[in-house]
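Here are my notes on this one, as promised. Have the sequence and the model open while you go through them.

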Amino acid sequence: MRVLVTGIGGFAGPPVARALLAGGHAVEGVLRPPLERSRLAGLPLTLHALDLLDQERLRAVVAQRRPDAVLHLAGLSSASAAERDPEEAYRANLGGTLAVLDAVRSAAPRARVLAVTSAEIYGAVDAAELPIGEDARLRPLTVYGASKAAADLAAAQWGRAYGLDVVRARPFNHTGPGQDAAFVCAALARQIARIEAGRQEAVVHAGNLDPVRDFSDVRDVAAAYVALLERGQSGEVYNLCSGTGCSIAEVVAILRTHARVAVRVTSDPSLRRALDVPRLVGSHARATRDTGWEPRIAWSDTLATVLEDWRARAVAGG
């Protein structure tokens, strides 16, 4: 397939591009100008510099390139940034999704659209509902979660109303090399790398250590996106997750086993989220049933790669 990937320059974009290329697909990407392809260096890609909300330009690119599929990754991914600017969160997450759906409907109506949202759309889940499945009610607690829920519902509606081939993916927490320190695993690994480099006192500052999340390796999630593009059922929605819960305290404990120096950990109230679900663990049974995908990378190995990445960045001043 010729696959057009929006947000290809973001955290998940490069692993997704590599997974698509490894599967024999031709990859084109959409990046917001100015064109920054350092994280995509060496990959045989065609890149288009445009803002997704420039609908005329987006329609023109889709009409010219006629992709077989569009993998929509672009959006505002930071929950804290969404809380600071709710309007921008909805503009990026809902508006960007609507722009992609409109461009496909107008210029490539036979193309498959994989709309990537987030497990944060589930929000206030009860312990009895876990592991959560795709038919659970959407009760988002955060602006980010609500904006992604709006995008999820819009994608489903456009598929039903206009006969588009839409598949939705709801990834749970995932991490790997290249992730911004605004996200918890990267933030913790960055501190340990800075401590090892002598750039921070030997104390790791964390927020609430109690919440349990379902973490995966970004490379596993990238493989899942490819599987959904190839074998997902049109109109269906899929959780992408490990199916196993891990508390933030456990993340810290695993990172400490990989650390080269002894570190202390302190819970910093200023780093705690005002709205937090105590436990969010999903089931990937539907994705496994329909595509054969399942996560393969051990969680400890994932955290080791994240820490190694931050060691390199710490040397460079990160």
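1. A definition before anything else: contact here means heavy atoms within 4.5 Å. With that in hand, 77% of the contacts in the protein with a separation of 6 or more come from residues 24 or more positions apart.

2. Some housekeeping. This is a predicted model, where local features need pLDDT of at least 70, side-chain atom pairs count only at pLDDT 80 or more, and totals for chains, interfaces and linings use all residues. Residues are numbered from 1 along each chain as its sequence is written, and side-chain values use heavy atoms, with hydrogens and water left out.

3. Overall dimensions. The C-alpha trace spans about 55 × 45 × 40 Å along its principal axes.

4. Secondary structure. I count on DSSP runs here: helices are H or I with at least four residues, strands are E with at least two, both numbered from the N terminus. The protein has 10 helices and 14 strands.

5. Burial. Buried means under 20% relative accessible area, exposed over 50%, and partly exposed in between, using a 1.4 Å probe and protein chains only.

6. Which residues does Glu28 touch? Glu28 sits in strand E2 (residues 26-31) and counts as buried because its relative accessible area is 3%. Leaving out residues up to four places away in sequence, Glu28 touches Arg2, Val3, Leu4, Val5, Ile8, Thr46, His48 and Arg65. Its C-alpha is also 5.6 Å from that of Leu47, 19 residues away in sequence.

7. Glu134 is in the loop between strand E5 (112-116) and helix H5 (143-162), and at 8% relative accessibility it counts as buried. A polar atom of the Glu134 side chain lies 2.8 Å from the backbone nitrogen of Asn239. Beyond neighbours within four places in sequence, the contacts of Glu134 include Arg170, Arg286 and Tyr122.

8. Is Ala274 buried or exposed? Ala274 is exposed, with a relative accessible area of 82%, and belongs to the loop between strand E13 (264-267) and strand E14 (279-280). The C-alpha atoms of Ala274 and Thr142 are separated by 9.5 Å, though the two are 132 residues apart along the chain.

Note on methods
A polar contact is a pair of N or O atoms within 3.5 Å; within protein, one must be able to donate a hydrogen and the other to accept it, and residues adjacent in sequence count only if both atoms are side-chain atoms.
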